Each structure stands twice: as C-alpha cells, then as structure tokens.
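Notebook open, viewer loaded. I'm jotting down what I look up as I go.

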Amino acid sequence: MKITRYSVIATIVIATVIFGSKIFFPQTNMLASDNFGYYLHLPARFIYDDVALKGDWITTINDKYNNTATFYQLMETPKGGTIDRFFCGMAILWTPAFFAGHWTARMLDYPADGFSAPYQWALMLYGAIFAITGLLYLRKVLLEYFSDGVTAITLIIMFLGTNLFFFTGIGNDVPHVYIFTLFAALIYYTIKWHKAYKWFYMLAIGLVGGLIIAVRPSEMIVMAIPAFWGVTNWEAFKNKLNLAWEYKFQILGAFFLVGLLFLPQLLYYRIYAGEYFINIYDDAGSTLNLLNPRFGYVLFGFRKGWFIYSPLSILAVIGLIFTWKNQRVYFWPVLIYLLVNIYIIASFTSLVSYGWRAFVQSYAILTLPLGSLVFVLAKMKRAGKIVVALLLLPFFVLNIHQAWQVRMGIISGSRMTKKYYFSVIGKNRVTEADRDKLLIERPLTSVDEIDDNIVEFNATVLSLSFDDNFPGSGVEHQPKSAPGMLKMSKDNPFSPGLKEPYSHFSSYYFFYLRGSVWVFGNGEDIPGNLHLVFSTKNKSGGELKYRAYSFANQQKEFKPGQWNLLTADYLTPEVQSKDEIVQSYIWYNGNDEVWIDDFKIDLYTEK
C-alpha cells in the first residue's frame, strides 16, 4: 500500500478551508436566483403538494425571503401551465439536505416552509461535504498515476490556485461544484472498470453519468471520458470497440441507469407541460449559438475570461503536452472533452459569472494533465523548483484575494472591464471613480430608469402626431394636438412606430430610449391593455429584450374621459452585433376603442 502522507495533509488542509469557508462566510441567501429554480422542485412536492405551481405560496415565500426579482425561474408552457424551467437533477442531489433541514426546522421550532435558516444551513453544509467528496475522489484518481508528493502539489494548485477555491468555499457552489464531484467520481470508476471490468464499476459509471445529465444535460459530453479512456491510437480504438461489444450487457445496464435518472425530468415535462421535451433556452439573449463561438472573449476577455480570473488554469492545458508523452491513456478523452467544452461555453450568448464558472466542473478532468505537468516539474533540480514556486506564488495570492474581492462586491460577475480590472488589483476598497470604469449596471427587474449621471439626451428619433388621421364624425373629444389622432381597437391593434438597426442609433454597447404617448378612452380595460412596447430582435427574429409597459404595470393612474400620458424608459440589451433591430410601437389588446396622440421616442446616449 502506498504511503500517502503529503496528499493526506493537502486533503485535510483543503477540506478545512472548504468547510471553514461555509461556516465563517456563509451565503446571505442560499436559495436566491438560480438556486431558487433548482430547489423549487423539493418544497413544491414535499411541503406544498403543488408540483403544478398553481398556488400563491411561491409569491408569499418570495415576499418573505426575497429569492428572486422577476420569477425568471418559471416558464409558461404551450399548454398554458407553469413549470420550473430548471432541471430537477439538483433537487435529486439535494434531497438528503432538504429533509435534514426540514427535520431540524421542526425540532427547533423554525418555520417548516422549505426556506428558513435550517434549510439554508443544511444545503450549505451539504455542499461542503459534496465538495470534499470530490476532493477525495480526485486524490484517489491522481494516486493511480502519480506519487504522493505530486498528488499533493496538484491538489493544492487546483483547489487553491484556481477559481475552484471561490466556488467550493465562499461562492455559490450550485450546480458546478456538484458536477465537479460527479466528474471526479466518473473518472475514478472509469479507471477501476478498465482494470477489472466488473459490473459494479460500470453501474457506478451509469449512476454518476445519469446524475450529471439530470443536473445539466449539456454535460453529457463528459461521457467521452469512459468512451475514449485507454484509446492511444487507431489500433487501440478498434480494441476499445471490441471491448465494448464484449461487455455490451454491462454498458446497456449503465445506459439503463442514465435513462432511469433522467426519467423524472421527462415525466415532469409530460405531466405538467404536455410534452416530453421543452426548450428551456427560449430566451434569445441567453441561448446557444453554435455558429458564433467567442473563444477570445471566453478565455481572455477581461469581463469574465477564464484565464484572466483563473490564470493558473492554463497550467493544466500546458500539461496536455506532457500527458501525450507520459500518460497517453487519458490524453485523447481529456483533449476531446476540453475542446468540445470550450466550444459549447464559447457558443453561449450570455453567462453571468465570475471567471466563467462553467469551467469549474472541468477541473476534475483537467487535474490529470495538471498532474502530468507537476510530475515533470518535480524532476527539476532544487533551484529550478524554487524558481517555479516563486513564480507561481503571486498567482496564488492573486487568486485568493480576487475571491475575497468577489465576496466584497469589488469584482463583479458580469460588469468587469480591462480598465476597472487593473484599477482594483490588490484593493480592498474602491472609489466611485473606479466604479465608473465598470460596464453599465443592468436592472434585475423589468423596469428600466434612465440614469442622468451616465447618459444625456441625444435626439428625438420618432415623433408621430397623426396629423393625417382626422377624428371624423361622431367623436366628441379633440386630439391632444390638432388636427389628428389615431384610433386603436381590435381591428387596429398596432400603431406605426420605430424600427431601425441598432447601428442607426449608436455604436456603443448600450443606449436608452424614452417613450411617451398620450392616451384617451373610456374603456375599463385600457389601463392594463394599452401598451408602450420596446423590443430588440436578433437576425433570426428572436427577442433579445421585450418590454410592454401599461398604465397598470407602471402603477400610473388612468383617468377615463381625458388625455393621459404614458411614459417608459428602455435600456437596450447586450447585442452580438449592431445589426439587431430595435422597435417601439403602441399595442392595444382590449375590446374597446382607444385614441392615441403625440407618440414620441427620445434617444439617450453616454455622456
């Protein structure tokens, strides 16, 4: 048996950091934003008996715990129902923590509502245990190929030298750290199966693979690891096909487990949405565009580039060179996974994160080539090792300090710029002059408000007084500004408006539009059914950002029988090019008649 003193010490140190971070720096609201969506399946089923999400308990809970600003976690189905758009895999993994929190809440007389403090703490501590489990699996994997010392150094670099440190400790670990642990387990059982070809190891691969896909189906690319493990050349590939045929029943058993674990998601869609498959990425502003990957932006962009905010990650990529030379058994599966993963991440049009958190789970796989690099460095003479250590030390300090800056709100998840990045290096406090270098802050709610500190009036880009639309006989009221006004009804639900390419207004990355229109009518449905609409569409016609403002949702009083002014502001969304189409118009979807006049759109651009 190998003596593993150094790797044990490294494991204890890292586990202490992970667990201590959860205890002393807990998240203020564990069940907010995306986590709210992942978690909602559990209280909906086991506390409120409302998987169909028809009750008002979600609103009540949100009012009490402030989980989300816009309920983007929910999605209306084509059949008219409502579903949780987040996959249920995390809920499956969280089930033990949920019941532990539920039991504790009852025992300590906390609200047993699924969201009180015992549930939050149960999930945070469970997350620490899950991360440490991944650490233990990874240590076992490394010891299969490397010495105790190399294993220890590799673990230290990966956990404390990359943004894995932030996400396993003081950051939000969902779902990426959970998938990281599952990846580590998948690699371990893959190694074990290729040594003994036992049913247990193959079923473990199926179980772990099924959980990974249940959490995030896009992560199915990780199955390249067991599929190509041991393939070193064309002859080895043919041998692998023969091996797969020889153990076909084991492989079928693994596929059965994968399907069984994804079955709850399919049944959920079928029962509550009427279909087995639902496209949850229906937001054109945050979707997968495989024809337009942005590799430079993802890897080296100062906004959230992987190698910018986790520079030691590049050591693992460099390690692929030595993997080819010394450990070719896992070179091809790691390379295939890495290339496909980078391509997929680079193809997402939007992902709010620090250091591109989508790479976190891949660290379980990249630890192997990192180990190959450390193995080579370990053969250097003492002077060389000291030089390498001194070169790496500043990056460890930078990584740990940046994690703290994220925690303190100095580093933003999505507003970073090159100027701001270099202005805050090493700082624990920043000035307003520093923050002026950030990208514009986009509101979390559906209401945009022009900030006069950063933009100013540029031009009136639309002015419609409808002078050619005379009221005609039988109309008792006068236009707001003579001589004309526009009548809207079921037969004429849309007004003329604005429709121009983004580049027509500005070459900058954002601008504001301020719309206003005078409205006259007597119908009771006018306040909620007369809308001032803004829209930005991509080349395919997908809505990047759509807003429809009415008197009702603007909480503005509408007085029948007189002219009322409806106004609203609109901040343009992030666009991939300046060819996207920006629109504005008036839409009436009521049953009465309504008159509009003096429809105007003003453009506001950066000072």
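Predicted model: local features only at pLDDT ≥ 70, side-chain atom pairs only at ≥ 80, totals over all residues.

Is Thr-68 buried or exposed? I find Thr-68 buried, at a relative accessible area of 8% (buried is under 20%, exposed over 50%, partly exposed in between, with a 1.4 Å probe and protein chains only).

Residues are numbered from 1 along each chain as its sequence is written, and side-chain values use heavy atoms, leaving out hydrogens and water.

Back to Thr-68: I place it in the loop between helix H4 (57-65) and strand E1 (74-76) (helices, H or I, at least four residues, and strands, E, at least two, are DSSP runs numbered from the N terminus). Not counting residues up to four places away in sequence, Thr-68 touches Phe-36, Asn-62 and Gln-73 (contact means heavy atoms within 4.5 Å). With Gln-73 I also get a side chain to side chain polar contact at 3.1 Å (N or O atoms within 3.5 Å; within protein, one able to donate a hydrogen and the other to accept it, and sequence neighbours count only if both atoms are side-chain atoms).

Next, Ala-244. I find it in helix H12 (residues 234-246), partly exposed at 30% relative accessible area.

Last, a sheet. I read an open one of 4 strands, antiparallel, in the order E5-E10-E7-E8 (strands pair if DSSP finds at least two bridges between them). Its edge strands are E5 (498-501) and E8 (543-549). Strand E7 (residues 530-537) pairs with E8 over 6 bridges, and Ser-535 sits opposite Tyr-546 in E8.
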